[in-house]
Amino acid sequence: MDWMSCVPARALFHTAPRRVEIRELPTPRPAAGEVLVRTLRSGISSGTERLVYRGEIPAELALDETIDVLGGTFSYPFAYGYACVGEVTESGQAVFAFHPHQDVFAARAGELIPLPAIDPASATLFPLVETALQVTLDAGTGYRDRVIVLGAGVLGLLTGLLLQRSGWRPLIAEPQAWRRAAASSLGVTTAAPGELVKEQVPLVIDASGNPDAPAMALDMLAHEGTLLVASWFGTKPVVLPLGGAFHRRRLTIRSTQVSTVPARLSGTWSRSRRRQETVELLGELPLAQLCTHVFDFCDAADAFRAVDQGKPGLMHAVLNYDRSAAGDL
């Protein structure tokens with residue numbers, strides 16, 4: 001730990017739309033109740049962080065009211081991110097932290113999530129696994145019922161896998177052939193959206209991030225069906241046809257979000273239980289297959305550019321703080 005006591009930290013900042021840079025910060029000094037964490041890997045969310053990178057989130061919006069370290073707003077410059085995997089410098093304990101991309105930082109010990117023996121890159125998917133678990137909980141029960149998931153990104157795939165476990169028969173609608181192939185390789189049934197024009201199902205889950213998807217989803221719902229929106233569209237407008245078909249079929253539109261546990265589940269679920277379940281899922285889901293690209297931390301600008309452009313084959317981008325392990329997997 002001696003060498004770290006005089007080395008400044010390096011953190012990633014968003015400085016303008018589609019511009020990020022790594023800046024030096026003062027050497028972290030743990031206060032009482034805090035420990036020092038050395039980051040091994042951090043993950044880039046291809047949903048929320050793509051919106052952040054593009055500047056498609058209102059500047060006055062709070063970064064995240066549920067994560068203390070994410071104080072302030074989306075006004076430039078700001079640090080953002082919530083998927084750091086590292087080790088406590090004193091004990092060597094592997095931990096997950098909801099923290100922006102940074103190579104070393106101090107954190108309250110109680111806010112760190114201890115991890116089992118797992119590949120650090122895979123563990124950066126913790127937030128998306130937890131989100132997929134919450135989406136599945138919000139979906140409710142549906143033994144052998146068909147559910148359509150719009151979007152075969154990481155969240156859509158993880159949601160499909162968890163829906164299978166809970167008894168649903170998920171079908172992932174995805175326009176890109178390579179993503180359909182990735183989903184099929186994991187055992188989830190897929191189709192191109194154009195093939196589903198006659199589908200009528202009780203539940204459609206939108207995890208596409210496409211503002212045109214909710215309107216398409218309404219046409220897929222059976223009488224009194226529900227559209228569950230997991231996408232966050234930021235500043236992009238969403239147009240919904242709420243005319244005769246919507247009213248006559250008594251359709252429902254609901255949002256699902258991971259920051260809270262809904263009141264109807266509070267008797268059996270808490271954020272603590274959900275996170276404990278997520279830790280267990282890390283070792284049960286095929287996460288390594290989703291971590292398709294690793295970039296050196298110093299090449300973070302390239303990583304965000306690849307995520308922004310939707311580089312073919314890229315499912316989940318990981319920032320690596322150990323140069324010897326960088327490069328495409």
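Biologist: How do you know how many disulfides there are?

Modeller: A disulfide is a pair of cysteine sulfur atoms within 2.5 Å, and by that rule the count is zero. Take cysteine 84: the nearest cysteine sulfur, that of cysteine 291, is 14 Å away. This is a predicted model, where local features need pLDDT of at least 70, side-chain atom pairs count only at pLDDT 80 or more, and totals for chains, interfaces and linings use all residues. Residues are numbered from 1 along each chain as its sequence is written, and side-chain values use heavy atoms, with hydrogens and water left out.

Biologist: What makes cysteine 84 buried or exposed?

Modeller: Buried means under 20% relative accessible area, exposed over 50%, and partly exposed in between (1.4 Å probe, protein chains only). Cysteine 84 has 2%, so it counts as buried. Cysteine 291 is buried too, with 2%.

Biologist: Why is helix 3 called largely enclosed?

Modeller: Because 14 of its 14 residues are buried. Helices here are DSSP runs (H or I, at least four residues), numbered from the N terminus.

Biologist: How do you know that the span of helix 3 agrees with its residue count?

Modeller: The expected span is 1.5 Å times one less than the number of residues. For residues 126–139 that should give 20 Å, and the end C-alpha atoms are 20 Å apart, so it agrees. Just after helix 3, glycine 140 takes a positive phi of about 80°.

Biologist: What makes helix 3 and helix 8 a contact?

Modeller: Contact means heavy atoms within 4.5 Å. Residues of helix 3, including Phe126 and Leu133, meet residues of helix 8, among them Arg271 and Leu282.

Notes
Helix = DSSP H or I, 4+ residues; strand = E, 2+ residues; numbered from the N terminus.
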